[in-house]
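The entries below follow the order in which I looked things up.

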Amino acid sequence: MATDILGPGWGKYYIGPIQFLVCFGAVIACILLAGQSMKAIYLLANPGGTIKLYVFVAIFGVFMVILAQLPSFHSLRHVNLISLLLCLAYSFCAVAGSVYLGNSDKAPPKDYSITGDAQNRVFGVFNAIAIIATTFGNGIIPEIQATVAAPVTGKMFRGLCLCYAVVVTTFFSVAISGYWAVGNQAQGTLLSNFMVDGAAVIPEWLLLVTQLFTLLQLSAMGVVYLQPTNEVLEGLFSDAKQGQYAARNVAPRLASRTAAVALATTVAAMVPFFGDMNSLIGAFGFLPLDFAVPAVFYNVTFKPSKKGVVFWLNTAIAVVFSALAVTASVAAVRQIALDAKTYKLFANV
């Protein structure tokens, strides 16, 4: 769209790189979170275990290398359905765990006040907005899929209805129950609150099931978000005149996908701050792509009257969310710098 509406330079040097970095950032986040889930399962089986987080990140990275060899996005259609079911399953488990923890004497004292000085609160707000943008930015996926074949409008509406039905059922229920249970003691991921000093504070079987569902879901997500990277690399190294299973294409596909997953795994192990990654992805990618850019596209394509409300509403949206993206990017980088002072590279968090 950027190429057709604004010119090839915008598509090649602005939209394309952002989309690529957002998707690759999501792969890094999936690998990191999967490593954390594997470590939690390990501690359930072996309380007091000493294996570091980066070891589990590396193990999941090897598993991702195998999954990454699925040849195309079309081959992942069944993975997407399984992913939806897993999303519903682990969300309901997380809600059940939150309700249990909130009613037990193992829960931290409920404190819903906002902590920190004024500066940290302001940056924290922008950080949170970026994380929210990352979370809800996934709604763009059914819109893209709906435009592949006609008719577009009806399918897009049904796809978005399904998407936001899942959002309300999962995101809202987990956020509300989790915040009710732990208040401002909530960690980067809710599941981290279900273990204190390596011991489960909810029934171990429930935590184990939740972590397993999460691990499987992250496997599916990581493979899906890796596809754009695969397309770019194979466009450079493959021969389109030969089949996808020809030796000429299999070898570079195996090498490029393995290298991409290895790079993502290394970054995940080096900088294990899941919340910080989410905020950076949201600020740098989802805020401009989901809010600012579509408003510009509409004005350029349909050229609404400058005397009308639509033109100025779109202009206001583009300006506000562009400014928000810049500010949130600063807040995200600042938070990463602060956490880097607290934790060293390859930290065992």
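This is a predicted model: local features need pLDDT of at least 70, side-chain atom pairs count only at pLDDT 80 or more; totals for chains, interfaces and linings use all residues.

Entry 1: I looked up the packing of helix α8 (residues 204–237) against helix α9 (residues 247–270). The angle between them is about 135°, and their axes are 10 Å apart. Angles over 145 degrees would count as roughly antiparallel and 65 to 115 as roughly perpendicular, so I record α8 and α9 as oblique to each other. I also noted that their crossing is right-handed.

**Entry 2: the contact residues.** From α8, I listed L226, Q227, T229, N230, L233, E234 and F237. On the α9 side, the contact is made by R248, P252, R253, S256, R257, A260 and V261.

**Entry 3: the largest core.** I then turned to the nonpolar cores. The largest has 52 residues, and I31, F60, L101, F194 and L207 have the most contacts inside it. At least two residues of this core come from each of α2 (8–45), α3 (53–67), α4 (77–102), α7 (152–182), α8 and α9. I noted α2 as the helix that gives the most, with 17 residues.

Entry 4: What does F60 touch, not counting residues up to four places away in sequence? I found C30, I31, A34 and M38, together with L215, L218 and S219.

**Entry 5: another core.** Finally, I recorded a second, separate core of 16 residues, with I281, A283, L289 and A325 among them.

Terms used
Residues are numbered from 1 along each chain as its sequence is written. Side-chain values use heavy atoms; hydrogens and water are left out. Axes are lines fitted to C-alpha atoms, for helices over the stretch in contact, and angles run from 0 to 180 degrees between N-to-C directions. Helices (H or I, at least four residues) and strands (E, at least two) are DSSP runs, numbered from the N terminus. Angles under 35 degrees count as roughly parallel, over 145 as roughly antiparallel, 65 to 115 as roughly perpendicular and the rest as oblique. A crossing is left-handed if the near helix is turned anticlockwise from the far one by less than a right angle, and right-handed if clockwise. Contact means heavy atoms within 4.5 Å. A nonpolar core is a set of buried Ala, Val, Leu, Ile, Met, Phe, Trp, Tyr and Cys residues joined through side-chain atoms within 4.5 Å. Buried means under 20% relative accessible area, exposed over 50%, partly exposed in between (1.4 Å probe, protein chains only).
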